[in-house]
Amino acid sequence: MTEAMEYDVVVLGGGPAGENIVDRARAAGLSTALVEGELVGGECSYWACVPSKALLRPALARAEARRVPGLAGSVAGPLDAEAVFAHRDHWTGNWNDDGQVDWIDSTGADLYRGHGRLYGIRKVAVSSPEGEHHILSARHAVVVATGTRAVIPDVPGLAEARPWTSREATSARRVPGRLLIMGGSVVATEMATAHQALGSRVTLLVRGSGLLPRMEPFAGELVAESLREAGAVVRTGVSVEAVERESSTGPVTVVLAGGERLEGDELLVATGRAPQTEDIGLDTVGLTPGDWIGVDESCRVPGSDWLYAVGDVNHRALLTHQGKYQARIAGAAIAARAAGTDAVDTSRWGAHAATADVEAVPQAVFTDPEAAAVGLTLAEAERAGHRVRAVDYDLGKVSGAGLYAEGYRGRARMVVDLDREVLLGVTFVGAGAAELVHAATIAVVGEVPIDRLWHAVPAFPTISEVWLRLLEAHRG
């Protein structure tokens with residue numbers, strides 16, 4: 001049976017970005033339908049941000065405690081893997097989305113479970129697991145928020161070896177004795193940190209010259225140094241030519257260029273993401289299945305007055321918090337346009353422009369040490385043609401850092417626009433660095449003049465006193 005329903009807004013994908021669109025649309029009084037084929041809450045809630053941080057928190061807390069006098073001896077033993085996994089399971093709701101469904105219901109939106117596809121202009125077709133079919137029409141907007149999936153490179157034998165992706169790494173029920181990891185970015189380094197702490201012997205295989213290539217080079221260098229000290233093997237500039245595995249429970253062998261063979265119990269592939277747009281009906285609206293969905297500043301697809309895309313699927317900034325930000329921006333734009341107002345402001349930092357996706361993206365990597373950054377790196381700023389100066393400071397020399405942990409290692413950098421005397425980017429690496437990045441985000445987004453930052457007094461003795469040291473170094 002096919003049932004037709006009409007709404008103001010139809011959202012395809014129930015991850016964080018889709019949920020935020022629902023929230024904004026309902027707050028504006030627009031009737032809204034949400035379509036989700038898996039768990040409401042999406043990748044972030046069940047296989048990415050939430051479970052990974054639940055796995056990492058015990059590892060980072062122990063690492064920090066081992067550097068605190070009077071406490072180090074009390075945490076010398078191994079982590080309780082069973083308790084860590086139970087903590088992770090609690091935060092994922094044991095992969096049950098009842099709580100998130102209750103929240104959707106509380107907004108007044110209608111939830112349709114099943115596979116959704118665009119079905120021409122302003123329409124979405126939904127096929128439920130029970131065999132029901134619905135055609136949902138949208139008066140004002142259809143929003144695609146289907147996210148991404150892990151990419152398995154075209155390496156001989158890799159797909160057949162049933163490698164882990166981020167999903168298996170964050171939802172694992174056991175600790176592999178030997179874990180091989182292909183990749184050097186966020187998923188690779190965070191899962192190396194977590195599984196090494198849980199007792200795995202980790203080997204990172206990185207094609208590039210270092211870890212965390214999207215951040216300042218020193219971030220990857222400090223993380224690699226720490227991983228090696230913890231017992232992991234970090235190899236850069238290596239290429240995987242083939243993978244072999246005879247059985248699903250047996251060891252996996254990686255063959256490197258030159259013929260070297262490495263054996264592990266599991267292989268995690270963390271080499272990139274691709275948009276989940278292969279089978280969502282893009283061809284019915286003149287777009288190419290499998291492609292990223294390009295959007296304008298309000299996250300609307302160019303040439304359309306009804307189709308939007310938010311979150312990873314538009315390739316603007318593949319981070320949960322940025323997807324939620326885009327949803328807030330797009331939701332406001334949809335509401336304004338639905339009301340027939342001409343006050344849609346897509347100017348730089350306007351109410352309906354996702355400017356931060358381009359100029360001030362914050363990111364925190366929960367490795368040991370943590371790495372956090374916002375805005376442009378020095379290299380990015382120079383490539384963009386800015387006249388800049390990088391100001392560096394040893395984070396370990398700040399009194400608050402020394403009190404935080406013995407032998408504190410870290411580094412801070414701010415990238416200064418010399419023509420405007422504002423910050424274009426800031427990077428922190430060190431224990432607790434993730435909690436420093438929002439202050440930097442405010443400075444970059446607000447384009448706070450250096451002279452005004454002198455009046456933002458950091459409390460003593462906190463690690464945030466690094467701001468004063470950076471400003472002093474800039475003044476000379």
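A cavity is a set of points on a 1 Å grid over the protein atoms alone where a 1.4 Å probe fits but cannot get out, whereas a pocket is an open set with protein on both sides within 12 Å along at least five of seven lines; lining residues have an atom within 4 Å of a point. The structure is a predicted model, in which local features need pLDDT of at least 70 and side-chain atom pairs count only at pLDDT 80 or more, while totals for chains, interfaces and linings use all residues. Residues are numbered from 1 along each chain as its sequence is written, and side-chain values use heavy atoms, with hydrogens and water left out.

By the cavity rule, the model holds one cavity of 30 Å³ or more.

Helix 3 (49–65), helix 7 (186–198) and helix 8 (217–230) each contribute at least two lining residues; helices (H or I, at least four residues) and strands (E, at least two) are DSSP runs, numbered from the N terminus. The lining of the second largest pocket comprises seven nonpolar, three polar and six charged residues.

Charged side chains also pair with one another. A salt bridge requires a side-chain nitrogen of Lys or Arg within 4 Å of a carboxyl oxygen of Asp or Glu, and the count by this rule is 35. Arg-139 and Glu-6 form one of them, at 3.5 Å from N to O. This pair joins distant parts of the chain, with Arg-139 in strand 6 (residues 133–144) and Glu-6 in strand 1 (residues 2–12), 133 residues apart. Arg-139 is partly exposed at 39% relative accessible area, and Glu-6 is partly exposed at 48%; buried means under 20% relative accessible area, exposed over 50%, and partly exposed in between (1.4 Å probe, protein chains only).

A further salt bridge, at 2.6 Å from N to O, connects Asp-89 and Arg-173. Asp-89 belongs to helix 4 (residues 81–91), and Arg-173 to the loop between helix 6 (166–171) and strand 8 (178–182), 84 residues apart. Asp-89 is buried, with a relative accessible area of 9%, whereas Arg-173 is exposed at 54%. Elsewhere, Arg-348, Glu-359, Asp-417, Arg-420 and Glu-447 are linked in a network of salt bridges.

The model also includes an open sheet of three strands in the order 11-12-13, with antiparallel pairing; two strands pair if DSSP finds at least two bridges between them. Its edge strands, strand 11 (240–245) and strand 13 (261–264), each pair on one side only. Strand 11 and strand 12 (residues 252–256) pair over five bridges in the antiparallel sense, and Glu-244 stands opposite Thr-253 in strand 12.

How values were computed:
Points joined across faces, edges and corners; volume = space filled by probe spheres on them. Nonpolar A, V, L, I, M, F, W, Y, C, P; charged D, E, K, R; others polar.
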